[in-house]
Amino acid sequence: MSDALAPQSLTESLQRIVEARHHDPFSVLGRHDNGDGTATVRVFQPRAERVRINEGSVQLQRIEGTDLFVWTGPAEQVAGQYRIHWYDKQGSVHTQYDPYLFPPQIGDFDLHLFGEGRHWHAYRFLGAHLRTVEGISGFQFSVWAPSAARVSVVGDFNQWDGRMHPMRVRGGSGVWELFIPEVSPGQYYKFELRDQAGNVVVKIDPYANGFQERPETACLLLAPSAYAWDDAGWLERRAAYNWQRSPLSVYEVHLGSWQRDENGEFLNYRVLAERLAEYCLQMGFTHIELLPITEHPLDASWGYQTTGYFAPTSRFGSPDDFRYFVDYLHRHDIGVLLDWVPAHFPRDTTALARYDGTALYEHADPRQGEHRDWGTLIFNFGRHEVKNFLLSSALFWLNEYHIDGLRVDAVASMLYLDYSREEGEWIPNKYGGNENLDAVDFLRQLNAVTHEQHPGSLMIAEESTAWPQVSRPTYLGGLGFSMKWNMGWMHDTLSYMEKDPIYRHYHHDLLTFGLLYAFTENFVLPFSHDEVVHGKRSMLDKMPGDAWQKFASLRLLYTFMFTYPGKKLLFQGCEFGQGQEWQFDASADWYLLEREQHQGVQKLVADLNRLHRDLPALHEIDFESAGFEWIDCHDSSQSVLSYVRKSKDATQFIACAFNFTPVPRENYRIGVPKAGFYREAINSDAEYYGGSNVGNRGGVHSEPVSWMGRPDSIPMALPPLAGVVMVLEADEEPAASVTEPVAATAAAVAADAADVDASAGLAPAAGGADARDAGEAASPGTDTDADKPSAA
């Protein structure tokens with residue numbers, strides 16, 4: 001027997017295998033019965049000198065000039081699963097099962113649902129998964145690439161050689177698959193694709209569950225997680241969660257910059273979980289919201305240019321470390337929300353862009369497929385498989401990582417075909433309009449499916465336009481989101497607060513206009529990362545005036561926010577008045593908490609969170625007009641606002657008054673909804689928070705003086721640049737505190753602000769600041785604890 005077959009034995013089909021351009025390697029490689037009692041075995045092994053099978057009893061012959069080895073003989077000699085033994089140039093022997101003996105592993109029904117865009121769990125059969133097939137362990141690989149001429153699995157198990165493991169395509173589905181025996185967890189892989197023009201590219205697995213740490217981009221093979229979740233109680237409560245009637249205060253966090261270790265390096269998910277849980281419990285936040293932790297190559301993108309839609313970033317640890325992160329927070333009664341980016345994806349050549357040589361995940365026409373502002377590509381929401389990819393990603397985080405909800409990024413850019421485009425740079429829809437009908441259908445399906453599959457989960461839209469019914473049910477024609485960020489309120493409020501108090505009375509409508517639409521959606525009030533970066537300045541630095549006025553204004557702003565209708569969101573560092581803008585590549589400035597003024601802001605936010613949690617009037621009917629009533633929205637001359645918040649059954653009333661000038665208002669009278677004693681629950685000017693301590697000695701009895709259309713009213717001491725929250729309690733005034741803070745007199749405060757008053761034309765309220773009794777003290781809370789007054 002000769003050592004090699006003649007080169008004329010190389011057919012066109014074999015030539016395509018040798019040149020790595022065959023779309024159906026199973027028709028050539030592996031064992032094939034010839035129908036006459038014989039079988040042919042073909043093995044392609046570029047690094048082999050010799051190839052045998054069945055413990056060396058059958059030797060294959062090399063086709064001359066190629067790395068293709070062939071044997072033909074009695075079929076019974078190669079029955080069942082055989083092992084290939086091949087010898088390299090150094091004489092070392094390598095043994096493996098033949099991957100081209102195994103039948104297709106993906107069911108036709110899965111492929112059918114995927115092709116229709118209705119497979120909610122496509123991540124369970126696409127990607128790479130540890131399987132046992134016919135008693136043999138290995139990894140099942142699959143990828144959607146309908147226009148590819150050839151797809152191969154490459155990895156450190158085959159020296160990244162695309163000729164070694166070409167995959168089979170499953171008919172017209174465009175899905176390629178291959179089961180490779182004896183590949184182990186912990187190895188790295190990608191897909192090599194040859195397009196119809198003959199170009200070869202190496203791409204990540206769009207459904208990969210793990211990745212190498214940047215700057216490397218290979219996908220990581222993972223065994224099924226054995227993590228033992230311990231949050232069943234949380235999930236059970238979440239399923240019955242009436243979030244519309246519950247307190248919800250979100251702490252927005254970028255894990256790479258919230259805190260770092262002593263060397264400035266990233267902390268592990270597990271360490272972050274323990275620190276964040278302790279801090280959120282201390283501060284009273286009910287949820288955290290993570291800037292995207294989906295895998296991304298560039299730190300400077302903050303996670304918003306995602307490449308791994310099914311993998312937590314490896315920057316902070318393993319997937320099981322992230323499971324621990326979520327589990328630990330749940331066990332401490334803190335919800336976890338995730339920023340998720342279905343609007344666009346980066347142009348990285350190793351990722352989704354022109355995945356199979358065509359515009360696969362994106363649109364081919366740049367008028368539809370490019371987002372010029374961000375230099376990214378826009379998903380083609382009209383393609384079933386793309387829609388399925390995104391739906392599966394959303395459900396993946398809710399299913400596999402117990403995430404409590406998704407904040408969907410850049411919804412406005414999804415809804416409008418002409419978003420950030422000039423005339424002629426966009427293509428109208430079939431009706432001639434600018435609405436992206438495919439994106440609308442996708443968002444409705446996304447929200448319907450997530451709410452059905454995971455009751456109690458939250459879907460929150462970052463949407464900045466007047467698109468109607470964003471947070472209304474799909475069966476009523478809405479988009480189906482749980483809530484929407486109130487970008488208009490945020491913009492108007494910050495615009496007002498950035499103005500010098502001298503001029504604020506000219507812009508009073510910036511604070512009152514929002515109530516015209518406040519109940520048209522389920523709103524979240526966001527002071528997010530976007531407001532403290534790119535030259536917008538920190539929240540503290542936005543405030544005008546000297547240091548005292550900046551801190552006072554910031555405390556006033558937060559008091560206004562926490563009493564205004566809507567759920568709350570605050571970005572890291574804002575809660576203690578960070579001085580500089582957010583830096584994504586460094587820790588927040590925690591050292592500032594060595595200073596009393598920053599401590600005061602932090603204490604106030606913690607007390608506001610507890611007030612928001614403990615008083616039903618501040619959370620029960622955030623989304624209905626029945627929970628809010630103006631006392632006076634017209635006092636623009638003094639830049640004062642006052643309103644009432646009410647509980648669901650109208651058994652609790654809270655009167656809130658805000659002075660947006662540095663002039664204290666003595667005996668400022670406001671009408672109240674009911675007679676009784678109004679306890680001063682929060683005063684942002686309290687000395688405890690770093691203020692001047694002008695206040696109401698714990699509370700005020702109402703008087704039968706008709707005011708503002710109400711039969712009863714209360715005369716208040718309204719501190720400078722401060723908000724005061726008064727809660728209606730029993731008719732009797734509670735006992736005085738064990739210790740009273742030393743009060744600054746209103747006259748002294750007025751004198752300090754005299755220069756500002758004179759130039760601004762701001763007059764004290766009736767009675768005058770100097771009429772205040774010098775012995776009166778502001779009450780930051782109502783508790784008798786000398787160390788820390790309570791917010792409620």
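At what angle do α5 and α16 pack, and how far apart are their axes?

**View 1. The packing of helices α5 and α16 in this predicted model.** Helices α5 and α16 pack with their axes 8 Å apart and at an angle of about 75 degrees; since angles of 65 to 115 degrees count as roughly perpendicular, the two helices are therefore described as roughly perpendicular to each other. On the side of α5 the contact is formed by Tyr279, Leu281, Gln282 and Met283, and on the side of α16 by Gln602, Val605, Ala606, Asn609 and Arg610. Sorted by class, the residues of this contact are five nonpolar, three polar and one charged.

**View 2. Helix α15 beside helix α16.** The axes of α15, which spans residues 547-563, and α16, which spans residues 596-614, come within 10 Å and cross at roughly 10 degrees, which makes α15 roughly parallel to α16. From α15, Trp548, Phe551, Leu554, Arg555, Tyr558, Thr559 and Phe562 take part, and they meet Gln597, His598, Val601, Leu604, Val605, Leu608, Asn609 and His612 of α16. By class, the contact of α15 with α16 holds nine nonpolar, five polar and one charged residues.

**View 3. The barrel of eight strands.** Eight strands, paired in the parallel sense, close into a barrel in the order β18-β19-β22-β26-β27-β28-β29-β30, and from one strand to the next the twist averages 25 degrees. Strand β18 (residues 249-253) pairs with strand β30 (residues 567-571) over four bridges, again in the parallel sense, and Ser249 stands opposite Lys568 in β30.

**View 4. The nonpolar cores and the surroundings of Phe325.** In soluble globular proteins, nonpolar side chains tend to be buried together. Here the largest nonpolar core has 194 residues, and those with the most contacts inside it are Phe141, Phe325, Tyr361 and Tyr558; the largest share of this core, nine residues, is contributed by α8. A second, separate core consists of 19 residues, among them Ala48, Phe69, Val78 and Leu101. When neighbours within four places in sequence are set aside, Phe325 is in contact with Leu255, Tyr269, Leu272, Ala273, Leu276, Ile288, Leu290 and Val336.

Conventions:
Residues are numbered from 1 along each chain as its sequence is written. This is a predicted model: local features need pLDDT of at least 70, side-chain atom pairs count only at pLDDT 80 or more; totals for chains, interfaces and linings use all residues. Side-chain values use heavy atoms; hydrogens and water are left out. Two strands pair if DSSP finds at least two bridges between them. Axes are lines fitted to C-alpha atoms, for helices over the stretch in contact, and angles run from 0 to 180 degrees between N-to-C directions. A nonpolar core is a set of buried Ala, Val, Leu, Ile, Met, Phe, Trp, Tyr and Cys residues joined through side-chain atoms within 4.5 Å. Buried means under 20% relative accessible area, exposed over 50%, partly exposed in between (1.4 Å probe, protein chains only). Contact means heavy atoms within 4.5 Å. Angles under 35 degrees count as roughly parallel, over 145 as roughly antiparallel, 65 to 115 as roughly perpendicular and the rest as oblique. Ala, Val, Leu, Ile, Met, Phe, Trp, Tyr, Cys and Pro count as nonpolar, Asp, Glu, Lys and Arg as charged, and the others, Gly among them, as polar.
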